[in-house]
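Please find below a colleague's note on the structure, arranged as numbered points.

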Amino acid sequence: MSRKVRVRFAPSPTGALHIGGVRTALYNYLFARQRGGDFILRIEDTDSTRYVPGAEEYIMESLEWCGIKIDEGVREGGPHAPYRQSERKEIYLKYALQLVESGNAYYAFDTPEELNDLRAEMEAKGETFCYNYAVREKLATSLRLSAEEVEERKARGDQWVIRFKMPENEVVAMDDLIRGHVEMNTSTLDDKVLYKSADALPTYHLANIVDDHLMEISHVIRGEEWLPSLPLHYLLYRAFGWEESRPEFAHLPLLLKPTGQGKLSKRDGDKLGFPVFPLKFVAPSGEVSRGYREDGYFPEAFINMLALLGWNPGTEQEIFSMDELIDAFSLERVGKSGARFSPDKAHWFNAQYMHARDNEEIADIYEAQLRERGINIEREKVVKIASQIKMRATFPEEFWSLSSFLFEAPAAYDEKATKKYWKADAPRIIGELRSLLAGIEEFSAAEMERVCGAWIAENQIGMGLVMNAWRLTIVGEPKGFGMYDMCEVLGKEESLRRMDAALATLPKAE
């Protein structure tokens, strides 16, 4: 019987969630959903010195905005609660002591000062300090001290840590679902700290192994920065006797700067003017970081963009709904190399989702903007304008600049456009057009197009000549959308008033 797919996203609440972390959560979610599995959110808050108030709530709100649904977690609960590591302290000590008892770990009483002195001493000799088989039995560890001395030190309150006893000169053979078979010799690795008496908390290495085992995690999909830790994690599974239930691993490629050189950082976003976090985040210092939500991105566009940063569907398709991503996603098509982030491509994705948005939904956003400006017009007109501006916008913040001319008659006429489009016979043609429009009772776009089209054809006037000159009278510059649609929104009275003002202001025929 095959094992049920269970994956986890396990961020630390140390600040805003980087979009690289969101992508990790997304790939875990897609993988689980495609296989009918569970997506677990576990908060790894064992590093109390870096904890940032509000960061945990920010993580959950970010995932919710992205449409990533959590099956088990801090809020949702579940059979393996609690899902916050700081609430699982007693569990980790038990397992750390188990490793000491089995000979796979040991107590170390070295102080940071002693280790710094030893490191400086070795560097002075041109040697590199590594806490491993070469030094561990020469230091204040339970490998050198007697059992009585160890208990005496603990009893008098000396601080201690439990370190993993890395085997000497052993090749660890590992398999990664993205990178294939990997081997590493243990002699190049140090004895990592697993547990610290100072705060009675485990380090990441112990906590995530224990929790992944107890929570029955089947696949660990995480960033490539954890790849160097894989040998230790393999050896921990072996030390606990959990090799048969060890999850499969997949290490995702980095998100790179727009230049393709180096990991994408907040500094890159600040410098080039784009966010690197899903939502706006206010740090305890008061520093504000931009978010994709507040910058006007649709969550579907954001997720679509992120999904393709590192994963290739193998087709020309670029626009995917969440359901389509779930159907198409596979770890086999995730690349090993870093994925270069492109702000322009992010804009493109949002524009595609803007264009495809339902007119009524765009109208809701637009109507709220109009109300903020004290403008109230019929819903039918709001929807009509929305249908036009959404095809020209990338972000909702552009709506007003794309439509302000509908609410503000021209105070002046663009000089360059006037020279180009207000030809000698323009006053006469616009005057005739004005009389034609005045006679139309049903002032709709369709009726204007029928009447004006027949007039243009009958008089053999160039369509461009009419439309460009007419646009100048209505807008004052060469922008906007279809003339018939614009005039329908403006209404007959306002359209004629603007044409009269232009005829009275613009140069007369010579």
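1. A residue is called buried under 20% relative accessible area, exposed over 50%, and partly exposed in between, with a 1.4 Å probe and protein chains only. By this rule Phe39 is buried, because its relative accessible area is 0%. Tyr29 is buried as well, with 4%.

2. The model is predicted: local features need pLDDT of at least 70, side-chain atom pairs count only at pLDDT 80 or more, and totals for chains, interfaces and linings use all residues. Residues are numbered from 1 along each chain as its sequence is written, and side-chain values use heavy atoms, leaving out hydrogens and water.

3. Rings of Phe, Tyr and Trp (its six-membered ring) pair if their centres lie within 6.5 Å; planes under 30 degrees apart count as stacked, over 60 as edge-to-face and the rest as tilted. The whole structure contains 25 aromatic pairs. In one of them, the ring centres of Tyr29 and Phe39 are 5.8 Å apart and the planes stand at 90°, so the pair is edge-to-face. Because Tyr29 lies in helix H1 (residues 19-34) and Phe39 in strand S2 (residues 38-41), this pair ties together parts that are 10 residues apart in sequence. Helices (H or I, at least four residues) and strands (E, at least two) are DSSP runs, numbered from the N terminus.

4. The rings of Tyr95 and Phe240 have centres 5.7 Å apart and planes at 85°, so this pair is also edge-to-face. It links distant parts of the chain: Tyr95 belongs to helix H3 (residues 89-101) and Phe240 to helix H7 (residues 230-240), 145 residues apart. Tyr95 counts as buried at 10% relative accessibility, and Phe240 counts as buried at 7%.

5. One aromatic cluster is formed by Trp65, Tyr292, Tyr297, Phe302 and Phe395.

6. Where are charges placed over rings? A charge sits over a ring if NZ of Lys or CZ of Arg is within 6 Å of the ring centre and within 35 degrees of the ring normal. The charged end of Arg163 sits over the ring of Tyr131, 3.7 Å from its centre. Likewise, the charged end of Lys345 sits over the ring of Trp348, at 4.2 Å from the centre.

7. For the protein as a whole, there are 20 helices and 14 strands. Its C-alpha trace spans about 110 × 55 × 35 Å along the principal axes. Of the 510 residues, 50% are buried.
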